[in-house]
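Here is a short briefing on one protein model. Look over the sequence and the structure first, then read the notes by topic.

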Amino acid sequence: MAAQQAPTQGAIGRIFAGVSPAEFQPLLEVRNVKRLQQEAEVRYAVAVTDGDFVVKALALPGSALIAQIEAGQIFVHALVRAAEFRVEEISGQAFLLLFRAEVLGTVPEELRVPSDRLQKHMNARTGAHAESGLQTQADPSLAPAQPRSDAGSCTTPEKRGAQAGFAEQTPLPQPAPARAPAAGVNPYGGPPAACQQLGGTAGPGAAGGRSSTISDFFGRQPVVPRAPGGASANGGFLPIQEISPYTNGRWRLKARVITKSDIRRFSNARGEGQLFKIDIADKTGEISATFFGKAVDTFYNTIRQGQVYCFSRGHVRPANPRFDRGEHVLTFEEQAVIEAMEDDRELPGVTYDFRPLCSVPETPVNTLIDVQAMICMVQEPFSFTAKTSNREMVKREVGLWDPSGPEGASFVNLTMWGEKALAEDFVQGAPVFLKAARVQEWNNQKDLSSPAVYEVNPDDPRAFALKAKFEEHQKTRPLPMTMSRGAQGAAGARKSVQSCRDEDLHLGPPPLPGQGFDPNGPRTIHRHFVLGTVTNVPYDRMPCYPSCPGLVDSSRATQPGQAPEKRACQKKVTQEGPGIWRCANGHICQQPVFRYLCKMQVMDHTDHMEVNVYDNVAKQFFGVEAQEYARLYEDPEQELQLAQINRRVLWKRVLLKLRASKEVWQEAERIRYNVDDASGVVVAKEARHMLAEVKSALAAEQAS
């Protein structure tokens with residue numbers, strides 16, 4: 001029976017020699033459990049023995065051992081199997097961290113070693129200390145000599161307390177009779193000289209005795225220098241995998257910034273606050289870091305995603321599984337030191353652990369996952385006022401598709417917030433990689449939100465293969481043209497002029513005034529993205545008009561009891577006399593406000609079209625306000641400057657966001673194209689887009 005088993009002899013020596021729990025899970029006997037209160041966190045010190053040595057193991061907050069202790073499963077004389085453990089070095093000393101233990105029963109009384117026969121382990125991990133410790137356990141004849149009680153010898157704090165009149169809490173060891181070691185040799189593998197007292201002088205009988213080490217409250221002992229792979233082997237930088245809440249404050253990390261969040265502001269009982277988060281990585285692992293308060297103002301504009309920095313003067317905290325990944329997180333305040341460093345190719349960039357979209361419904365809420373998918377629909381960004389904080393927020397919903405699931409297709413909505421929602425790189429039919437997207441639930445439907453990093457059209461073979469599968473799926477089972485939650489005004493993929501004209505042949509007529517919209521009828525509005533070149537702007541008339549600045553009620557809906565919002569009338573005004581301008585609504589003003597209204601001809605390699613451009617968008621083309629353009633247009637002496645402004649528009653390559661609708665003009669139907677937005681072409685971005693199309697076409701040919 002398991003209860004009749006005895007602790008594994010020599011286990012503690014092997015643990016501190018560096019054995020891993022994957023290859024060695026020893027049996028240990030619990031001798032004491034003590035609660036340690038430090039600030040708001042609760043820790044436990046658990047004294048365990050292998051029958052020869054006793055050592056205090058620490059249970060960290062968040063570990064399974066804490067839950068086992070508080071549930072009463074870990075008790076004195078319990079026989080446990082150390083399932084998860086690690087030896088941690090702190091301030092030049094090593095101690096045992098025990099994360100999980102399997103309770104096998106109780107050690108029988110006849111197998112319990114008396115406390116006065118147990119020795120406190122020296123906690124040696126490497127070098128001669130470890131070899132000596134293992135050799136001593138293997139051959140009892142090499143055990144260290146019993147320490148003397150001379151007043152001049154080095155003793156533990158417990159022994160010094162007993163000499164001062166305090167009761168000794170830990171019994172002194174009673175080792176077996178030992179063979180005298182060679183002269184000048186320390187049987188523990190330390191320096192040959194006799195140990196020193198706290199005052200710095202050696203006492204009689206100090207050499208070779210147990211009293212040659214000093215034990216603190218946790219029973220920790222001095223160790224030899226860190227084994228290869230620690231901070232000393234990395235130019236003084238601590239590897240991320242060695243970070244723990246017990247790491248002292250003098251560490252330095254050299255890592256690459258993988259992700260960087262937006263600034264989040266909050267309020268609590270202590271007042272207003274702000275924070276932002278980053279994920280950093282070195283070749284041993286990743287860890288999250290949070291900046292609070294004034295540190296946000298100091299470091300937010302300094303830290304850039306993808307660059308390498310040296311981080312120091314931070315704090316290590318246990319991770320919150322709800323918001324963080326991993327066991328520990330870093331926090332930085334304004335006293336932190338963060339220095340930019342030269343790029344190091346050994347430090348990894350963004351890495352992904354992709355999960356299929358079909359797994360999202362089964363994933364717990366607030367879990368962070370990585371996803372590769374195709375953008376199948378894009379909603380226009382819109383702003384609203386949050387009810388809880390009364391702040392204006394911006395969001396956008398993006399439809400995602402991947403070929404997972406029993407039907408070979410899965411769909412999930414992605415919600416983007418803030419500045420990321422206003423990004424212009426969300427295009428239907430483009431592959432996207434998401435890192436650390438949060439699973440959220442709304443109306444019993446799970447979606448994704450707020451990825452820490454996203455890449456649209458990544459230069460990655462996985463993206464090319466995914467796009468080829470998407471295009472093949474579109475040929476056999478085309479995706480619906482609406483979002484699952486009724487998002488309207490979705491933006492499509494980039495199209496040629498000819499494909500826009502062909503698609504718009506199926507537009508339905510606009511509903512008559514007072515007539516309701518027919519959801520089953522043909523669409524009355526199409527939206528397109530077109531990359532083209534402006535080839536002509538008619539200048540036979542001024543491309544702007546005088547508008548009325550008078551205020552009228554806005555058509556925007558308001559809450560009950562609130563007065564309607566006001567907006568400018570913007571009707572065209574005509575001059576009736578000096579300083580008298582009148583609009584069709586009867587408003588009279590002394591000076592009109594000029595607004596752009598012009599037509600442009602846009603062409604690509606397939607065809608050309610005429611588009612209507614209005615005030616806000618036209619400013620991007622002409623580069624001046626309409627008021628200034630009108631002044632130059634009416635001044636004959638400014639023809640040269642006016643010609644320079646007009647040349648800015650012609651032969652300019654632009655990406656246009658068009659709204660197509662059918663109208664009746666002079667008893668004939670025609671398609672009217674209005675420009676809702678325009679942006680210049682970024683050469684590098686456009687080249688990547690073209691390269692992605694080429695690679696996708698090649699991948700599709702290989703798949704077929």
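**Surface patch**

Leu-698 lies in helix H12 (residues 683–703); helices are DSSP runs (H or I) of at least four residues, numbered from the N terminus. This is a predicted model: local features need pLDDT of at least 70, side-chain atom pairs count only at pLDDT 80 or more, and totals for chains, interfaces and linings use all residues. Residues are numbered from 1 along each chain as its sequence is written, and side-chain values use heavy atoms, leaving out hydrogens and water.

- Leu-698 counts as partly exposed because its relative accessibility is 45% (buried is under 20%, exposed over 50%, partly exposed in between; 1.4 Å probe, protein chains only).
- Leu-691, Val-694 and Leu-698 form a nonpolar surface patch with about 250 Å² of accessible area together.
- Patch members have over 30% relative accessible area and no salt bridge, and nonpolar side chains are joined within 5 Å.

**Nonpolar cores**

- The largest nonpolar core has 35 residues; Met-600, Val-611, Val-613, Phe-621, Phe-622 and Tyr-629 touch the most other members (a core joins buried nonpolar residues through side-chain atoms within 4.5 Å).
- Strand E31 (residues 593–603) gives the most to this core, with 5 residues.
- Beyond four places in sequence, Phe-621 is in contact (heavy atoms within 4.5 Å) with residues including Val-534, Met-600 and Ala-678.
- Another core, of 29 residues, lies apart from it and includes Leu-28 and Phe-85.

**Confidence**

- The protein chain averages a pLDDT (predictor's confidence per residue, 0 to 100) of 77, and 77% of the residues score at least 70.
- Over residues 124–230 the pLDDT is below 50.
- Where pLDDT is low, the predicted coordinates should not be read in detail.

Methods
Helix = DSSP H or I, 4+ residues; strand = E, 2+ residues; numbered from the N terminus. Patch = residues over 30% accessible without salt bridge, like charges linked within 9 Å, V, L, I, M, F, W, Y side chains within 5 Å. Areas by Shrake-Rupley, 256 points an atom, 1.4 Å probe, with all protein chains shown as cover. Salt bridge = Lys/Arg side-chain N within 4 Å of Asp/Glu carboxyl O.
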